[in-house]
Amino acid sequence: MARATTAILAAVAILGNAGLTNAQAPAGAPALSLFPSPWGQGGGDGWDAAYEKARAFVSNLTLVEKVNLTTGTGWEFDRCIGNTGSIPRLGFRSMCLQDGTVAVRYTDKNSVFPAGMNMAATFSRSLMRRRGEAMGSEFRGKGIDVALGPVTGPLGRVPAGGRNWEGFSPDPYLSGVGMFETVTGMQSVGVIATAKHYILNEQEHFRNNVDVTIDDRTMHELYLWPFADAVRAGVGAVMCSYNKINGNYSCENSWTLNYLLKNELNFQGFVMSDWGAQHSTLESALAGLDMAMPGDGGARGNVYGAFWGGALTEAVLNGTIPAWRVDDMAVRIMAAYYKIGALSGNKPRPDVNFSAWVKPNVTVGPVYFRANASIEPVNLHVDVQADHGALIREIGAKSTVLLKNKNNKALPLHKPGHIAIIGEDAQDAPGGPNACEDNKCYRGTLAMGYGSGPGYFPYLVAPATALKKRAAADNTTVAEAPSNWDLDAARTAATGADVAFVFASADSGEGYITIDGNTGDRNNLTLWGNGDALIQAVASVNPNTIVVLHTVGPVLIDYAAKHENITAILWAGLQGQESGNSLVDVLYGDIAPQGRSPFTWGQNISDYGAQVMYTSPTPLAPAQNFSEGVFIDYRYFQHAHTSSVYPFGHGLTYTQFDFENLTVHPCKGQAASTAAVPSKSWTAAAQTYGTVNSSMSANVDPSGFQRIKPFIYPWIIRAANATWLFTAPKAFANTTDPRTNNSAQAVLPAGGAPGGNPGLYDTVYTIGFDVRNRGNVNGTAVPQLYVQLGGKDNPWGVLRGFDDVSVAAGDRVHVEMNLTRRDISNWDTEKQNWVVNNLQKYVFIGRSVVDIALNSSLPALSLQSAGVMQQRLACLE
Ligand code: BGC
């Protein structure tokens, strides 16, 4: 029976194996792991006050009540995608966890926002923040406690990765800003954000078991970086991913959870499993998992139907898992709850007022869906959209990237006499935008990808609708050819039009859905649905062909970039519900285009280096080595001296910007950085809260309680052979086993506060320059700051600053950007710390990664070898 029981017994056998901490890592991978699991301690930014409340709350709980907070009640059992148990004795309702990443999933009267990738394309911190606030308020309004986003795993290692659009950009700095702003915005209105999928969940093929080998430096400089920003922003939850890392599943990986996340990054919130990503009772608990979701994942068939629930209670009672670890799980969950509650002024949380499992247009249904029990109104159709449509429209426009604009003339449009609108991607889908759950069919205009990220549209403004509205106002006549396959009709419509718009798209999503042979990841980088042939056909007959792309990432459009008749190309990404309106705003110049490409557009898919692994010689144990290290996307193109069609950061405007007068100030206005030492080098010892009553009666179902199958409960149960699964209570902490040692623990030198050592975030240089608009129209410049760290192991340059700067025609605006210590450091594997190497460094200000306007060397800083960080900065000015 009981896989959980087997795990517990096996664990008892290995307790006392002192070599365990380093035995996990395979050859060639960093031999790093950390036990015991760091317990939450509180800290600045509201964590101390939240911990105080959480400890007081947890001190009042029985063991089964604590366990109930840590374990989901089972797939489709309660109303949300994930639900913790409740604490009825204290009137604490279950916590509701809900997707998605562009909308509240599976409900109605919600908005659909532009994708994370579009947010990156805005290069606008303020828009990222505002989207976070707006999305957060929609989750909160539905009674959701924990929103399952934002995403920065995948980061975007491979260009065809299915879920790249849910995240921001393959550049970790840009993604880090996206994470920071989104988390800050969402949590400010009282919903816990979840940074996911932690970590190296870079493709959908084999996502459930691929074992990724990665080196420590790449981990820090690329994939961990944006998660550090999320932690620094105070994120309440992190979701561990499905894949393995260096031999261990992500949700039982003591390197990634205990060492990196909870010690080095000082994460004070809780770690939840991705849905079914937990594989053990004991290992997951000791390696740092705090919440099992959806609760029953993967463990069906054991006596508990769960790795945790009653199995966790039992493991505590039999001494396999120390009580302090379960207390820490509960305290972390409640601390996140109180911290984020306080951010919204401690307002009472709304009741859950929808059911993910009952169709959104239906009102009455079962509260307990899988048991078909408690039939009542479950969907109250609470309208949470407020005025978010206006923001969505603005973001859509400002994330549109003008890739090509021949002679700066094709766009903006001025009342053309006759236009043609060609391609299915301009049109409404037959059956409407919500015809397919999880957006799993590819029809009509593309405004979001597929999988668990999407939600239902309140409406979707197709490009053809918006263009025709504008045309009517301008007395422009319109011809349409909606089919992608009828090339004769496309040519006929295009012939003689003043402007021929041709629309094309490419979709991707999550691996449980396959569309047209694409299982989450794209099979290639060509346009879908005959899109390339359609574009060629239109361009063959119309000398003013304008291509609009709704794609989930780069596509191969070298032919269009070079085509004489293609006068403009716009990448609109996935814009959400206002898609057509956003596009028209840019086409007609009502909004100045400010989108910049958040990824590189290659000539061939092979130009990107790393690729999706579609097949494996060992499909039951697929393995992947991220041997390209930090060289992905533009870093790889530059490293390999490959020219792109359009580089990272590229995007045209309707005016011309000059960047002038570069200045570089080391440590401007800063005192010597004393913060480079973690505030504490040691934690306190682990605490337990309240007392554990280990009597049987306190830990079995209360008398008269009727279990409903397959709901997951926290109580222990009698096994089939009528013996209790645990024998007798033991001492809780076995101090000879490093995994259960509850004594004070060392804080890693790179740690000390959320996001890592606070000294990493000290400003070490301030870079100043002017932006001059020398055109005739107002516009938004997006100056980008790249740093060359030096040496052959570093990319040519890495993005370390950007801004979106509105400048009126003829005006000049002074811009300053700060470089932090982290920005100029490399990860030193041996020292296990960030180190500023001695190589000459340079700073560049550009319009893209290849269009550099200004550059300067960075004057050397005085670095002293002292303190825990090895090198402390002394600013000389
Ligand atoms: C996805 C997560 C999602 C979860 C719940 C998983 O399959 O990877 O992103 O939050 O399901 O729907």
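**Domain interface and ligand surroundings**

Between domain 1 and domain 3 the count is one salt bridge, a salt bridge being a side-chain nitrogen of Lys or Arg within 4 Å of a carboxyl oxygen of Asp or Glu. The side chains of Arg 822 and Asp 229 form a salt bridge, with N to O at 2.7 Å. The model is predicted: local features need pLDDT of at least 70, side-chain atom pairs count only at pLDDT 80 or more, and totals for chains, interfaces and linings use all residues. Residues are numbered from 1 along each chain as its sequence is written, and side-chain values use heavy atoms, with hydrogens and water left out.

The chain is divided into domain 1 (2-32 + 41-367), domain 2 (400-594) and domain 3 (657-677 + 752-875). These bounds come from an automatic or database domain assignment. In domain 1, 23 residues are in contact with 23 residues of domain 3; contact means heavy atoms within 4.5 Å. The two domains bury about 2200 Å² between them, and 55% of it lies on carbon and sulfur atoms. Buried area is the accessible area (1.4 Å probe) that two parts lose on being put together, summed over both. Phe 123, Tyr 173 and Trp 225 supply 30% of the area that domain 1 buries against domain 3, more than any other three residues.

Polar contacts also cross this interface. The rule finds 13 residue pairs in polar contact between domain 1 and domain 3, both residues at pLDDT 80 or more. A polar contact is a pair of N or O atoms within 3.5 Å; within protein, one must be able to donate a hydrogen and the other to accept it, and residues adjacent in sequence count only if both atoms are side-chain atoms. On the side of domain 1 that touches domain 3, helices H7 (172-188), H8 (216-223), H9 (225-232) and H10 (254-264) each supply at least two residues. Helices are DSSP runs (H or I, at least four residues), numbered from the N terminus. H9 gives the largest share of that side, five residues.

An N or O atom in the side chain of Arg 163 is 2.8 Å from a ligand oxygen. For Lys 196 the corresponding distance is 2.9 Å. For Arg 207 it is 3.2 Å.
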